[in-house]
Amino acid sequence: MRRCSRDINCPMRLKLISCEVLFREMCDACAHSPHQVDLEFLPKGLHDLGAKAMAEKIQGVVDRAPEGVYEAILLGYGLCGNGLDGLTARHTRLVLPRAHDCIALLMGSRERYQTYFDGNPGTYYQSTGWLERGKGLQQLTHNTMGFDEPLEAMIRKYGEDNGRYLYEEMTRYRSQYRKLTFIETGLEANGKFLAEASTEANEKGWSFERLPGDLTWLRRMVEGEWAEAEFVVAEPGQRIVASYDTGVVKVKP
């Protein structure tokens with residue numbers, strides 16, 4: 001297949017498979033792309049299935065893309081708790097950002113995210129997508145299986161003593177947070193979600209910060225600018241795997 005970049009005279013047809021948390025941001029990026037991008041959004045709750053099941057679900061969607069139609073299948077995800085580990089390019093190359101999660105994507109680079117993360121330990125992150133697509137999923141640095149069940153549901157399912165014990169264990173992670181940062185991408189329709197995030201921080205006794213987002217990383221993906229430092233490209237027959245280094249992901253046969 002030919003490789004085109006931002007040259008409007010050499011448009012590509014691309015398939016984008018993305019988490020719905022990035023719905024507004026991806027739609028905006030695609031609207032400005034010189035290429036034809038067919039979008040498909042998957043539920044935010046895939047992360048709740050665990051890494052292996054999440055990878056299987058996304059692989060199924062990738063495999064349903066028709067052969068010979070797209071120059072590349074773009075993945076609107078980070079590694080997401082290894083939820084993209086093992087993803088295989090069958091007949092069409094796959095393009096994935098070298099990001100751990102969507103928080104880094106919304107900040108515009110791994111470097112900016114890492115600097116902020118190091119300087120702000122104990123921070124919980126939110127964006128419009130995190131709020132309007134449902135509050136159930138917790139931060140991806142944790143195993144989220146069952147974390148969002150209310151106490152009453154746990155008691156009904158496991159009994160009084162076991163339910164209370166499991167609820168306490170599954171919500172213990174919340175004590176590590178001291179701050180809530182809301183990432184503003186400029187695509188917020190109004191102040192509803194910003195106010196909601198601020199209220200949540202206040203109720204939990206956390207500090208609150210508004211942080212400007214940066215969508216250039218997402219835009220470069222849908223514009224075909226796949227620099228090796230920012231994206232991994234798996235050609236047909238290759239698979240994407242976690243690299244456990246600063247590159248985040250790599251490809252293997």
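Biologist: Before we start, what should I know about the numbers?

Modeller: Residues are numbered from 1 along each chain as its sequence is written. The model is predicted, so local features need pLDDT of at least 70, side-chain atom pairs count only at pLDDT 80 or more, totals for chains, interfaces and linings use all residues, and side-chain values use heavy atoms, with hydrogens and water left out.

Biologist: Okay, which residues have the most contacts inside the largest nonpolar core?

Modeller: General idea first: in soluble globular proteins, nonpolar side chains tend to be buried together. A nonpolar core is a set of buried Ala, Val, Leu, Ile, Met, Phe, Trp, Tyr and Cys residues joined through side-chain atoms within 4.5 Å. Buried means under 20% relative accessible area, exposed is over 50%, and partly exposed is in between (1.4 Å probe, protein chains only). Here the largest core has 58 residues, and those with the most contacts inside it are Ile58, Leu74, Leu75, Tyr77, Leu84, Leu94 and Trp226. Helix α3 (residues 102–107) gives the most to this core, with six residues. Helices (H or I, at least four residues) and strands (E, at least two) are DSSP runs, numbered from the N terminus. There's also a second, separate core of ten residues, including Leu131 and Phe193.

Biologist: How do I read strand pairing, and which strands pair with β1?

Modeller: Two strands pair if DSSP finds at least two bridges between them. Strand β1 (residues 13–19) pairs in the parallel sense with β2 (residues 36–42) over seven bridges. Serine 18 stands opposite phenylalanine 41 in β2. From β1 the chain crosses through helix α1 (residues 23–31) to β2, a right-handed β-α-β crossover; right-handed means that, with the strands pointing away from the viewer, the path from the first strand over the helix to the second runs clockwise. β1 also pairs in the parallel sense with β3 (residues 72–76), over five bridges, and there lysine 15 has isoleucine 73 as its bridge partner.

Biologist: Is tyrosine 70 buried or exposed?

Modeller: Tyrosine 70 counts as buried because its relative accessibility is 7%. You'll find tyrosine 70 in the loop between α2 (51–64) and β3. Its side chain makes a polar contact of 2.7 Å with the side chain of aspartate 38. A polar contact is a pair of N or O atoms within 3.5 Å; within protein, one must be able to donate a hydrogen and the other to accept it, and residues adjacent in sequence count only if both atoms are side-chain atoms.

Biologist: And where is histidine 35?

Modeller: Histidine 35 sits in the loop between α1 and β2. Its side chain reaches the backbone oxygen of glutamate 223 at 3.1 Å.
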